[in-house]
Amino acid sequence: MSNHQPIIRVEDLTKTYGSGETAVRALDELSVEVQTGEFVAVMGPSGCGKSTLLNMLGALDQPTEGKVWVAGEDLSKLKNVDQFRAKTVGFVFQLHNLLPTMTAQENIEVPLQGQIGSRKERRERAAHLLELVGLGDRSHHLPGQLSGGQRQRVAIARSLANSPALVLADEPSGALDSQSSEEIMALLAQLNESQGTSIVVVTHDRRVAQATQRVLRMQDGKIVSDHRITDPIEEDLRMFAQSQFGQSLLANNPSLEKFIQERDIATLRHLLQAYDDQAASPEDAGSS
Amino acid sequence: MIFRNLTRRAVRSSLTLLGIAIGVAAVVALGAIAEGLASNFAVVVGGSSNDLLITQAEALDPALSNLDDTIGERLQAVPGVERVEPGVYTWVTTADLPFFLLFGYEIGSTAMDHYRIVEGKPVSGPGQIVIGRRATESIDIAVGDNLRIYGTPYRVVGIYETGQGIEESGGVLMLEDAQAAAQFERKVSLYEIGLRRGDNVDDTIARIESLDIDLKVSKTSERESNQQYEQMLQGFAWGIAAIAIFIGGFGMMNSMVMSVLERTREIGTLRAVGWSRWRVLWIILGESVTLSALGGVFGIFLGIGLAKLAGTVPGMGVLLTGVFTPAIFLQGLGTALVLGLVGGVYPAWRAAGLRPVEALSYEGGTASDFQAGKLSRFGSQSFRNLWRRRNRTLLASAGIGIGVGTLVMLGGITAGLIGQMNNLAGSGSPGNLTVMQRDVPDMSLSSIDENVVRQIRAMPQVESVSPMVLGVVLTPELPLFILHGLDPNSPAMDHYKLAAGRRVQRPSEIMIGSNAAESYNLGLGDTLTLYNTRYKVVGIYETGVAWEEGGGILALRESQRILNRPRNVSFLFVDVTDPSLALPVQEAINQRFPKVRASISSEFAQNTDDIASMQGIAAAIGLLALVVGGIVVANTMIMSIYERTREIGTLRALGWPGKRILSQIMQESLLLCLLSAIVGSVGAVLLLTGLAALPIPGGAMLRPAWEPGTFAIAVSLAIVLGLAGGFYPAWRASKLQPVEALRYE
Ligand SMILES: Nc1ncnc2c1ncn2[C@@H]1O[C@H](COP(=O)(O)OP(=O)(O)O)[C@@H](O)[C@H]1O
Ligand SMILES: [Mg+2]
């Protein structure tokens, strides 16, 4: 796969749920392109269509209109959807969705079944991936015996089982405490760097987005901003300034501008913490 | 609220309802049929315009009654008696007529008039028969045709109606013809008596009773069914229904437990907002009782339908015509309510006992609720998923296991019976044949004329013939005592190994089996009373066959006397001169004597109708178990895939094809059923072994034999159940859309 070919190409993608009066337009003529090897964050208020977009990319659902190509394949013309789901993309869910009756190792083997023939090879591959996510010593634990962060790491290892070209993660740290959440993002970043896997991660958490190279902001089924991150602090401030919360703070406290210009780190930390806190509750973040 | 909770899981609720309905339907249909059988029999030969009916005292049913045809003269001499009309009443079984009642009366008698001719003319001489309206419906026959009974053709001269189904599915011959056809020479089944007008009926009855013959006198107007017989039928009906009830009950409990589990959070919320324990208990019980009451009503209709359907079975339908009494419907509804209460109490108690805090933090179906038990990492995924919901698996397999277990028990008993019958007297050497009357529905009805014995004895290849009379004594003192009449010098006598004492030498002596000695506490020198005659125990024998050991042996003539079958025997054991001649002799006997059937002794049992009807019952119960068990399996598997919806969605999202999920769920269903089959089989073996060891007279009769075939049937039943019950849930699971499934809560 050449680096110049986009891993994702989405053209005028529309998804409508239901019909008539109760119809919901979850995606509205959305278009975007992601290059091979990119690490992209998708942000936006709850209900803006992030999960819907990810489901389309992973061929879990069919678009109402528009086209999606992943790794050069037109998803509307897929011959074997199961094969695509198993090999081309890897999915990480918010609630890990590990199978409770399977050990960590067996969970990782799930997507390998039907792909790799021999049992021994599957076992080796699973063991290797567990090592990769730092859980080599937990291979025979059941999900019920692992912490939240560990479960999510198993889920990431599972998404990598068939060395997919693209990993799709829908709020992978949404249910975790902040430390585990940072660990998960660091793991994803490391995978992106060392394996060259393209990653699209949906998140509410600004700090999570910081770990990525590009942030797509969505609103009402559309992408409203798309830019690359160069300096993390600068990006933080930009997002703060763009947010409703930030704008109202700035309007009320003109002196804040000074702090920003002078880059008073201590004060800024306070500000961003307050911003994080209100963004953590999706209701507030999503309300207009 | 109750109703809304039930409709929320419509498929599950309806399956549960169906399970209960089938249990109730079994109660209603079988109850009605048993009632119908009992009351129909009561009316047979009771509707005549004669006043009294006289049968043998010990006979359960007129068909089993045997009276000397000389008694008639003595009855005629009783003051107050105007008419004495002998009658023969028996069953006939032929290929075309599985249950055909044969009546024989004197031509022109009042008893004969009971059969009102609606077409043709009445019987006026030998070789003629009139048949009932219902019989013409099940066999294709009309006036002028010939009807063969045991090889003898009778010309149909008329068709009658009596308004009574069982009577109308039979035929009437003249007395002598009926005696010949039924091998009732010089004997009759019953006497109908017309009384002189004006005399006191009870005085006349008292005078008849004081004749001191073993007679039962009943007024035709008041004839009731035999209590014992009716109880037996009803017990039997309940026995079968109980299987359906048990399976349905476990299914019900399963469903309710499941519905409580999945609503744990909701219940926690209700408790947190101040609902009392009792209120929660009440709601859950209410749900379960509502469901079962609906099932009960539905089941009653289903039961009526089934009974009506059974009544249309050609040939046998008339026997299965249900009589519906309010009591039967009440029993059906009662069963449903008991099921609802029993099925709901545990779940309701569990729900009420939930602590609000725990209930609120419950996450059904997610990772944290599958904790590391001993077996949690053992075995395949199918096993682990069953282990994960052990209680449910246990309930479901208990239900299915009861069905499978019943089949295994019946199989074991049947095999045991076959084994015992094949070891009956006379089967000692390979060159043995056993001869009984052809086409009798019950072995105890077999009857062979002594002329046949003489003729077989005269065949050159035959070394010896041992005739035997078999009678069943069912009295409170001797429940199930099998009486054998056998010539003490006959070769078949060698079969009875003396454990103590000596063989019978006089008519007043009896040998008893070791079981009988034990259960009735009898020893050498004690006396035993049978049919008002006292016998001295002179020997105790062993044979290894339970019912032989549970009975006794009288001299042949003596037993013929007290059983009232002179010059007539039940079985013959034939020894041939050379074992290689057994087959040709068997064929020769069957050809020469169309009324009897000779079998190689070791194959005798398979040829009897007793075993055929046991096997028929086993098949019917198997069918019932299959239907109810299938519903339980389907219900359990549906619950199981509901709560794993997210997991199934995940598997789909990870690239598992639908087929793979289908096969996974099918495996689980099969495993569940196989577990049930094992539980049921083990349970059945333990239960029967325990029963057989109990020191009760009937217990010793149960000597089950375990054959691989029986267990093979249990396992096949389990496989069929697993496939049938698992298919719909598995198919549904494989069709789940990943996005929908992942959003499921
Ligand atoms: N299966 C569905 N059926 C109906 N509406 C849906 C479905 N999935 C999502 N929606 C609606 O589409 C919109 C976008 O949802 P989603 O993509 O889940 O948002 P989010 O950005 O929070 O992930 C929401 O309004 C949601 O209610
Ligand atoms: Mg979402």
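Reader: How far does a backbone N or O atom of Gly49(A) lie from an oxygen atom of ligand 1?

Author: First, the conventions: this is a predicted model, in which local features need pLDDT of at least 70, side-chain atom pairs count only at pLDDT 80 or more, and totals for chains, interfaces and linings use all residues. Residues are numbered from 1 along each chain as its sequence is written, chains are lettered from A and ligands numbered from 1 in the order in which they are written, and side-chain values use heavy atoms, with hydrogens and water left out. As to your question, the distance for Gly49(A) is 3.0 Å. A polar contact is a pair of N or O atoms within 3.5 Å; within protein, one must be able to donate a hydrogen and the other to accept it, and residues adjacent in sequence count only if both atoms are side-chain atoms. Backbone N or O atoms of two further residues also lie by ligand oxygen atoms: that of Lys50(A) at 2.8 Å and that of Cys48(A) at 3.3 Å. The protein covers 73% of the 550 Å² of accessible area that ligand 1 has on its own (Shrake-Rupley method, 1.4 Å probe; for residues, only the protein chains shown count as cover).

Reader: Which chains surround ligand 1?

Author: A residue is near a molecule if one of its heavy atoms lies within 4 Å of it. Residues of chains A and B surround ligand 1, so the site is shared between chains. Among them are Tyr17(A), Lys50(A), Glu740(B) and Arg743(B). Helices (H or I, at least four residues) and strands (E, at least two) are DSSP runs, numbered from the N terminus. On that basis, α1(A) gives the most to the shell, with three residues, while β2 (24–35) of chain A and α26 (738–743) of chain B each supply at least two.

Reader: What area is buried between chain A and chain B?

Author: The size of an interface is often given as the accessible area lost when the parts come together. Here that area, summed over both parts (1.4 Å probe), is about 2,500 Å², of which carbon and sulfur atoms give 59%. In chain A, Arg85(A), Pro100(A) and Thr101(A) lose the most area to chain B, together 23% of what that side buries. The contact (heavy atoms within 4.5 Å) takes 27 residues from chain A and 28 from chain B.

Reader: How many salt bridges are counted between chain A and chain B?

Author: Side chains of opposite charge can pair when their charged atoms come close. The count between these chains is one salt bridge (a side-chain nitrogen of Lys or Arg within 4 Å of a carboxyl oxygen of Asp or Glu). Asp82(A) pairs with Arg652(B), the closest N and O atoms being 3.3 Å apart.

Definitions and conventions
Buried area = accessible area lost by both parts, 1.4 Å probe.
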